Amino acid sequence: MAASWIRAEPFGIHIVPGNCWVDPARPVDTALVTHGHADHARGGHGQTIATPATLAIMALRYDTRTGTVPVEYGETVSLPGGVKATYVPAGHVLGSAQILLEHAGERVVITGDYKRRADPTCPPFQPVPCDVFITEATFGLPVFRHPPVEEEIGKLLTARAANPERCVLVGAYALGKAQRVIAELRLAGYAAPIYLHGALERMCRLYEELGIDLGPLQLAAGLPKGALAGQSVMAPPSALNDRWSRRLPDPITTMASGWMRIRQRARQRNVELPLIVSDHADWTELTETISEVNPQETWITHGREAALLRWCELNQRKARALALVGYEDEDD
Amino acid sequence: MEAFADLLDALVYTSSRNAKLKLIADYLRRTPDPDRGWALAALTAGLDFPAVKSAAIRKMLMERVDPVLFALSRDYVGDTAETASLLWPEPAHPPTPPTVAEAVEILAGMTRASVMRELPALLDRLDANGRYALLKLATGAMRIGISARLAKTAFAGAFDVSVDDVEEYWHGQVAPYAPLFAWAANGAEPPSGEDIPLFRPFMLAHPLDETIVDMAKYAAEWKWDGIRVQIVHAGDETRVYSRSGDDISGTFPEIAAALKIPAVLDGEMLVRGSHQGGAEGGAASFNALQQRLGRKTVSKKMLEEYPAFVRLYDVLIAEGEDLRAHSWEQRRLVLETFAQRLDPERFDVSQVIAATSLDELAAIRERARDDAIEGVMLKRRDSAYVAGRRTGLWYKWKRDPLLVDCVLMYAQRGSGKRSSFYSDFTFGCWDGDPDQGAELLPVGKAYFGFTDEELKWLDSHVRRHTVNRFGPVRETDKSLVFEVAFDSVHESKRHKSGLAMRFPRISRIRADKPAHEADRIEALRKLVRD
């Protein structure tokens with residue numbers, strides 16, 4: 001088996017010679033973190049090696065001011081045991097990285113979460129040739145084909161324009177999705193203020209500090225109902241059906257997520273206007289990326305691994321599923 | 001087709017009844033004939049294309065997608081039409097969608113031989129949402145939470161006519177319902193159905209639950225366990241209709257042949273026997289009736305072995321006179337006289353139970369279990385015969401369900417709103433003493449009885465306690481106890497346990513109860529009344 005110096009343990013990927021872990025689900029001495037989502041980035045490690053943006057995101061959530069090792073994209077760090085780690089853009093959210101590990105003449109790429117579509121809030125995914133490609137499979141079923149993001153943003157703008165007495169309420173995850181949707185709205189020419197749920201404010205401010213322009217943003221709290229008619233409001237998904245949204249004028253509830261492709265998933269969320277906007281690769285991109293990277297072996301971390309395994313089998317590619325725990329299905 | 005696809009999608013994402021009514025009404029007003037008529041037929045499940053079935057769709061997909069990938073996708077999505085619409089290879093050219101009427105014409109022209117060629121050509125003209133709408137329309141399985149009644153209410157709302165009139169004129173009409181639209185939208189004469197044996201909508205009952213009724217105002221009858229039917233004779237033809245308005249005359253020719261007087265009668269289809277209610281005035285079990293159901297033609301042997309008859313509950317129309325506006329009491333008098341003119345081998349009249357108080361009736365109902373009777377009905381004596389379920393008029397009072405503690409054994413993902421959740425549960429009882437190495441044998445399957453919150457909990461329980469996977473089925477570690485409620489239990493050769501439950505549902509989740517304390521097969525067997 002290739003890359004026997006890397007082991008998939010239930011709570012993370014173990015780099016044995018350096019005794020380091022990638023995205024571990026529990027505190028370890030040395031953690032290499034691909035991106036800031038809570039299921040990948042946890043607090044309490046002795047040392048955290050990540051991109052400066054990911055470290056800044058983690059600092060908002062955990063006490064990670066000590067033991068941080070920032071690594072720029074394209075920069076290589078040496079780990080104990082003669083392992084080299086290089087961070088490469090993954091295109092998932094701001095700061096997200098793939099990690100290229102080199103040891104004993106072998107190259108292993110861990111994608112973390114990634115996507116191939118353009119995203120105005122982060123640099124694009126770069127394919128890296130390797131022997132072992134450790135990929136995510138969140139949308140690893142052939143039913144998942146994300147439409148162009150412009151189409152989905154268009155739906156949002158149309159719904160808003162057609163309902164001047166209502167407001168559009170967009171459910172989007174606080175890290176990444178919310179800022180991407182805002183940035184896409186700006187690209188589509190939407191210049192009006194976008195109103196935020198309090199839970200999104202800090203992360204949006206951080207994005208701006210890190211150089212991502214999001215245009216005029218305001219907190220929705222404290223505004224009279226009438227002031228929000230015809231406006232766009234953004235909230236975390238948990239607030240969509242919560243008491244919080246009762247302050248809004250008859251909101252058109254939308255949610256920006258790759259899961260919105262499946263009607264019943266949208267229905268389970270009581271979404272009136274599903275927007276298929278994902279920060280993960282869809283089926284076509286997952287399979288095309290494997291073909292493009294063309295590794296000797298493909299390891300699949302989390303998601304719908306059975307179907308991607310089957311695709312590898314049909315295409316005579318050596319592959320295996322890693323049984324990792326703790327990665328959430330839903331954070332898209 | 002785009003407008004229809006948009007309507008379907010909007011309906012899927014709308015939960016409020018009023019908003020759904022508005023969406024359908026807007027569509028009906030905006031869309032020209034005959035598209036709106038076909039769309040209405042699709043919403044009320046009135047379309048059938050014999051060559052286009054789920055099996056054909058699956059086969060068509062298998063020719064284009066790996067079967068394993070298809071199965072995994074179908075399992076995840078929980079709906080064949082939606083899975084197919086998403087998996088369908090996107091054509092290189094822009095969509096050229098047909099009108100609904102054109103699509104219906106093409107679908108209706110398909111044969112089993114041509115469907116594999118013509119359906120793909122049609123799908124290639126549509127985008128993903130259009131493909132979903134087309135496949136839903138073609139297979140008649142909408143599963144979007146729209147009942148025929150809701151669609152008819154929307155129709156009435158769209159054109160400001162009464163929904164009772166819509167119900168009345170609806171039957172006997174065929175899609176695309178041009179006369180119905182001409183009447184409602186353009187003020188033409190309503191379609192007439194005097195000489196046709198038309199179906200009239202049934203009057204239905206609410207569960208009694210905690211309601212207290214004054215027995216001076218209500219009459220009680222036994223609730224027989226057969227199928228509710230309507231027998232209509234008009235213009236020299238007799239038809240037998242099921243609860244949903246399906247014509248089942250071919251399944252019960254002896255009944256259809258026995259009514260020769262113009263009338264509309266309401267009753268329970270049963271088979272002669274003594275299982276329910278004893279030898280005197282009784283009937284065979286539902287199992288016996290089941291032998292007769294679902295057949296297009298019936299053999300002579302069947303007719304002899306399982307002779308059917310109808311126990312009459314009500315009369316809607318007798319010899320041209322519409323009695324529906326009269327009280328139950330008046331209709332009952334007509335029914336009793338009328339029934340004397342019918343063949344006693346095929347028709348009798350449901351007996352009225354003498355009870356002066358609800359307590360007395362409760363005692364009578366309690367004894368009914370020994371007679372294997374489902375329960376009692378309460379009908380307000382002054383109630384007119386009105387379509388649907390109206391509060392306060394008719395009640396059903398089923399006897400209390402039987403309960404047994406079972407252990408969760410297998411789970412499967414559900415469909416519709418339970419899609420992607422593990423929500424279909426197979427449970428079992430012990431075949432002996434679990435502490436002496438007894439095994440669990442499956443005794444039933446249920447997919448309702450729990451709340452949405454409990455469903456989430458159950459789904460996560462299944463995921464955390466899976467010990468084996470067989471395709472879409474997960475075997476659990478058999479640690480969770482369900483209190484299962486059911487109406488009755490019967491001998492069955494189909495199950496290893498030799499028993500089959502009727503209407504099983506999860507009554508309570510007993511996470512507190514250790515699995516070895518669940519019930520044994522022998523306890524369940526004692527409840528058999530076959």
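In chain A, strand β1 meets strand β2 (residues 12-15) through four bridges, and the two run antiparallel; strands here are DSSP runs of E with at least two residues, helices are runs of H or I with at least four, and both are numbered from the N terminus. Across this pair, Ile6(A) sits opposite Ile15(A) of β2(A). Two strands count as paired if DSSP finds at least two bridges between them. This is a predicted model, in which local features need pLDDT of at least 70 and side-chain atom pairs count only at pLDDT 80 or more, while totals for chains, interfaces and linings use all residues. Residues are numbered from 1 along each chain as its sequence is written, with chains lettered from A and ligands numbered from 1 in the order in which they are written.

The β1-β2 pair belongs to an open sheet of six strands in chain A, ordered β1-β2-β3-β4-β5-β6, with mixed pairing. At its edges lie β1 (6-9) and β6 (68-70) of chain A, each pairing on one side only. From one strand to the next, the twist averages 25°. Helix α1 (residues 52-61) of chain A packs on the sheet, where it touches β5 (47-50) and β6 of chain A, and its direction makes about 130° with that of β5(A). Such angles run from 0 to 180 degrees between N-to-C directions, with axes fitted as lines to C-alpha atoms, for helices over the stretch in contact.

Turning to chain B, there are 19 helices and 22 strands. The radius of gyration of chain B, taken over C-alpha atoms, is 26 Å, close to the 24 Å that the globule rule gives for 530 residues, so chain B is as compact as a globular protein of that length. That rule is 2.2 Å times the number of residues to the power 0.38. Along the principal axes, the C-alpha atoms of chain B fill a box of roughly 75 × 70 × 45 Å. Of the 530 residues in chain B, 38% are buried, meaning that 20 or more other C-beta atoms lie within 10 Å of a residue's own; 12 or fewer makes it exposed, anything in between partly exposed, and C-beta atoms are placed from the backbone.

What does the contact between the chains take from each? It takes 21 residues from chain B and 19 residues from chain A, a contact being two residues whose C-beta atoms, placed from the backbone, lie within 7 Å. On the side of chain B that touches chain A, α5 and α6 of chain B each supply at least two residues, and α5(B) gives the most, with six. Helix α6 (residues 80-87) of chain B has seven of its eight residues buried, so it is largely enclosed by the rest of the structure. Its cover includes α5 (263-268) of chain A as well as α4 (54-62), α5 (67-77) and α9 (128-139) of chain B.

Elsewhere in chain B, β18(B) has antiparallel partners: strand β17 (residues 466-470) of chain B joins it by four bridges, and strand β14 (residues 402-413) of chain B by two. Thr466(B) has Thr476(B) as its bridge partner in β18(B), while Tyr410(B) stands opposite Glu475(B). β17(B) and β18(B) make a hairpin with two residues between them, and Gly471(B) in the turn has a positive phi of about 55°. Asp477(B) lies in the loop between β18 (473-476) and β19 (481-486) of chain B. With 14 other C-beta atoms within 10 Å, Asp477(B) is partly exposed.
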